[in-house]
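Please read these notes with the model open beside them. They are meant for someone who has not looked at this structure before.

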Amino acid sequence: QVQVVESGGGLAQAGGSLRLSCAASGSIGIINVMGWYRQAPGKQRDLVASLTSGGSANYADSVKDRFTISRDNAKNTVYLQLNSLKPEDTAVYYCNVRWVPLGRNNYWGQGTQVTVSS
């Protein structure tokens, strides 16, 4: 059984920073992708950033140069540093971990709220 647990959300002012953490436990594939998605009210869940176990990162255009994803492979933990926050970053942020075959190895955390005030 795989568990994915996020922490670190909260309230920040515009221009401020937050750091999200996500720890995955259980039988996790060695070669995997860990990432962050977000979903604002009434909108779809979109990719924010992802990072493979080999070190390849991918960012949404809206967060490039502001957010940084990193991970500790030994701990199956991924982090998201959110800097220069904007009100439009307000959303529930979800952690995802997946590996092949994706049909049965795709796990989500419960989500953590990030609220940015103007």
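The numbered points below go from the basis of the model to its sheets, rings and single residues.

1. Basis. This is a predicted model, in which local features need pLDDT of at least 70 and side-chain atom pairs count only at pLDDT 80 or more, while totals for chains, interfaces and linings use all residues. Residues are numbered from 1 along each chain as its sequence is written, and side-chain values use heavy atoms, with hydrogens and water left out.

2. The open sheet. Four strands form an open sheet in the order S1-S3-S8-S7, with antiparallel pairing. Strands here are DSSP runs (E, at least two residues; helices would be H or I, at least four), numbered from the N terminus, and two strands pair if DSSP finds at least two bridges between them. Strand S1 (3-7) and S7 stand at the edges with a single partner strand each, so one side of each has no neighbour in the sheet. From one strand to the next the twist averages 15°; the axes are lines fitted to C-alpha atoms (for helices over the stretch in contact), and angles run from 0 to 180 degrees between N-to-C directions.

3. Pairings of S1 and S3. Five bridges hold S1 and S3 in the antiparallel sense, and Val-4 stands opposite Ala-24 in S3. Strand S3 (residues 18-25) is also joined to S8 by six bridges, again antiparallel. Here Ala-23 stands opposite Thr-77 in S8.

4. Strand S8. Five of the six residues of strand S8 (residues 77-82) are buried. Buried means under 20% relative accessible area, exposed means over 50%, and partly exposed lies in between (1.4 Å probe, protein chains only). Strand S7 (residues 67-72) runs antiparallel to S8 and is joined to it by six bridges, with Phe-67 opposite Leu-82 in S8. S7 and S8 form a hairpin with four residues between them, and Asn-76 in the turn has a positive phi of about 50°.

5. Strand S4 and its partners. Six of the seven residues of S4 are buried. S4 pairs with strand S5 (residues 46-52) over six bridges in the antiparallel sense, and Tyr-37 stands opposite Leu-47 in S5. These two strands, S4 and S5, form a hairpin with six residues between them; Gly-42 in the turn has a positive phi of about 75°. S4 is joined to S9 as well, by seven bridges and antiparallel. Arg-38 has Tyr-93 in S9 as its bridge partner.

6. Aromatic pairs. The structure holds two aromatic pairs. One of them, Tyr-37 and Trp-108, is edge-to-face, at 5.0 Å centre to centre with 65° between the planes. Tyr-37 lies in strand S4 (residues 33-39) and Trp-108 in strand S10 (residues 106-108), so the pair links distant parts of the chain, 71 residues apart. Rings of Phe, Tyr and Trp (its six-membered ring) pair if their centres lie within 6.5 Å; planes under 30 degrees apart count as stacked, over 60 as edge-to-face and the rest as tilted. Tyr-37 is buried at 15% relative accessible area, whereas Trp-108 is partly exposed at 35%.

7. Charges over rings. The charged end of Arg-19 sits over the ring of Tyr-79, 4.2 Å from its centre. Likewise, the charged end of Arg-45 sits over the ring of Tyr-94, 3.6 Å from its centre. The criterion is NZ of Lys or CZ of Arg within 6 Å of the ring centre and within 35 degrees of the ring normal.

8. Asn-96. Which side chain does the side chain of Asn-96 meet in a polar contact? The partner is the side chain of Asn-106, at 2.7 Å. The side chain of Asn-96 also reaches the backbone oxygen of Tyr-107 at 3.2 Å. A polar contact is a pair of N or O atoms within 3.5 Å; within protein, one must be able to donate a hydrogen and the other to accept it, and residues adjacent in sequence count only if both atoms are side-chain atoms. Asn-96 is found in strand S9 (residues 91-98) and is buried, with a relative accessible area of 1%.

9. Gly-26. This residue, Gly-26, is found in the loop between S3 and S4 and counts as partly exposed at 48% relative accessibility. Leaving aside neighbours within four places in sequence, Gly-26 is in contact (heavy atoms within 4.5 Å) with Gln-1 and Val-2.
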